[in-house]
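The sequence and the structure come first, and the description follows.

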Amino acid sequence: MSNRPIWNLWSFAAAVLVIASLPAWWWGPRMVASMLAGGLWNLGSLWCLSNLLGVWLPRQGSGNRRQALGWLAAKLAWIGLLVAGVLRASWLSFIGFGVGLTVVLVVIIAGLGIRANRISSQPHGR
């Protein structure tokens with residue numbers, strides 16, 4: 001199976017994040033920046049996690065553990081970046097950050113659920 005549908009999901013999640021942050025201009029640019037920061041952080045984190053799982057749990061054969069450890073290190077770097085930089089920033093609104101994070105999480109989970117439902121409904125001969 002091609003990676004194209006999952007890339008469409010990441011692009012769709014980024015587009016939904018941008019559209020969802022537009023009404024936040026009512027609260028000011030600080031809220032918009034916080035929503036975008038939370039959503040982008042979650043996109044990066046989920047992307048690293050999906051690659052980690054793709055390497056760790058391959059469809060055929062044994063996974064490349066060394067590559068999986070590299071993706072795990074990248075995921076932990078995202079967490080370190082969040083704790084060290086973003087949460088200490090004076091421009092950050094924690095509510096906006098949480099809203100952006102939640103928007104991306106909901107879109108990705110819904111998209112993967114729809115994709116899994118489509119895959120499970122296909123005939124098993126493929």
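## Overall fold

Along the sequence, the protein chain runs in the pattern α-α-α-α. That is four helices and zero strands. The model is predicted.

Of the 126 residues in the protein chain, 33% are buried. The chain has an accessible surface of about 8400 Å², and carbon and sulfur atoms account for 68% of that surface. When contacts between residues at least 6 apart in sequence are considered, 72% of them join residues at least 24 apart.

## Confidence

The protein chain has a mean pLDDT of 80, with 87% of its residues at 70 or more. Helix α4, residues 94-121, has the highest confidence, at a mean of 86. The lowest is found in helix α3, residues 65-86, where the mean is 76. Where pLDDT is low, the predicted coordinates should not be read in detail.

## Packing of α2 against α3

Two packed helices are described by the angle between their axes and the distance between the axes. For α2 and α3 the angle is about 165° and the axes are 8 Å apart. Angles over 145 degrees count as roughly antiparallel, so α2 and α3 are roughly antiparallel to each other. Their crossing is left-handed. On the α2 side the contact is made by Trp-41, Gly-44, Ser-45, Trp-47, Cys-48, Leu-49, Asn-51, Leu-52, Val-55 and Trp-56. On the α3 side the residues are Arg-65, Gln-67, Ala-68, Trp-71, Leu-72, Ala-74, Lys-75, Trp-78, Ile-79 and Leu-82.

Ser-45 is a residue of helix α2. Its relative accessibility is 4%, so Ser-45 counts as buried; the cut-off for buried is under 20%. With neighbours within four places in sequence left aside, Ser-45 is in contact with Lys-75 and Trp-78. Lys-75 and Trp-78 are both among the α3 residues that make the contact with α2.

Gly-54 also belongs to helix α2. At 46% relative accessibility, Gly-54 counts as partly exposed. The C-alpha atoms of Gly-54 and Ala-68 are 8.4 Å apart, and the two residues are separated by 14 residues in sequence. Ala-68 is one of the α3 residues in the contact with α2.

## Packing of α2 against α4

Helix α2 spans residues 29-56, and its axis comes within 6 Å of the axis of α4. The two axes cross at roughly 40°. Angles under 35 degrees count as roughly parallel and those from 65 to 115 as roughly perpendicular; α2 and α4 are therefore oblique to each other. The crossing of α2 past α4 is right-handed.

The residues of α2 that meet α4 are Met-31, Ser-34, Met-35, Ala-37, Gly-38, Gly-39, Trp-41, Asn-42, Leu-43 and Leu-46. In α4 they meet Gly-96, Phe-97, Val-99, Gly-100, Leu-101, Val-104, Leu-105 and Ile-108. Trp-41 is listed in the contact with α4 and also in the contact with α3.

## Residues of α4

Thr-102 lies in helix α4. With a relative accessibility of 42%, Thr-102 counts as partly exposed. Thr-102 and Gly-38 are 64 residues apart in sequence, and their C-alpha atoms are 8.3 Å apart in space. Gly-38 is among the α2 residues that meet α4.

Ala-110 is another residue of helix α4. Its relative accessibility is 40%, so Ala-110 counts as partly exposed.

Key: Residues numbered from 1 in each chain as written. Predicted model: local features only at pLDDT ≥ 70, side-chain atom pairs only at ≥ 80, totals over all residues. Heavy atoms only, no water. Helix = DSSP H or I, 4+ residues; strand = E, 2+ residues; numbered from the N terminus. Buried < 20%, exposed > 50% of the residue type's maximum accessible area, 1.4 Å probe, protein only. Contact = heavy atoms within 4.5 Å. Areas by Shrake-Rupley, 256 points an atom, 1.4 Å probe, with all protein chains shown as cover. pLDDT = per-residue confidence, 0-100. Axes fitted to C-alpha atoms, helices over the stretch in contact; angles between N-to-C directions. Left-handed = near helix turned anticlockwise from the far one by under 90°.
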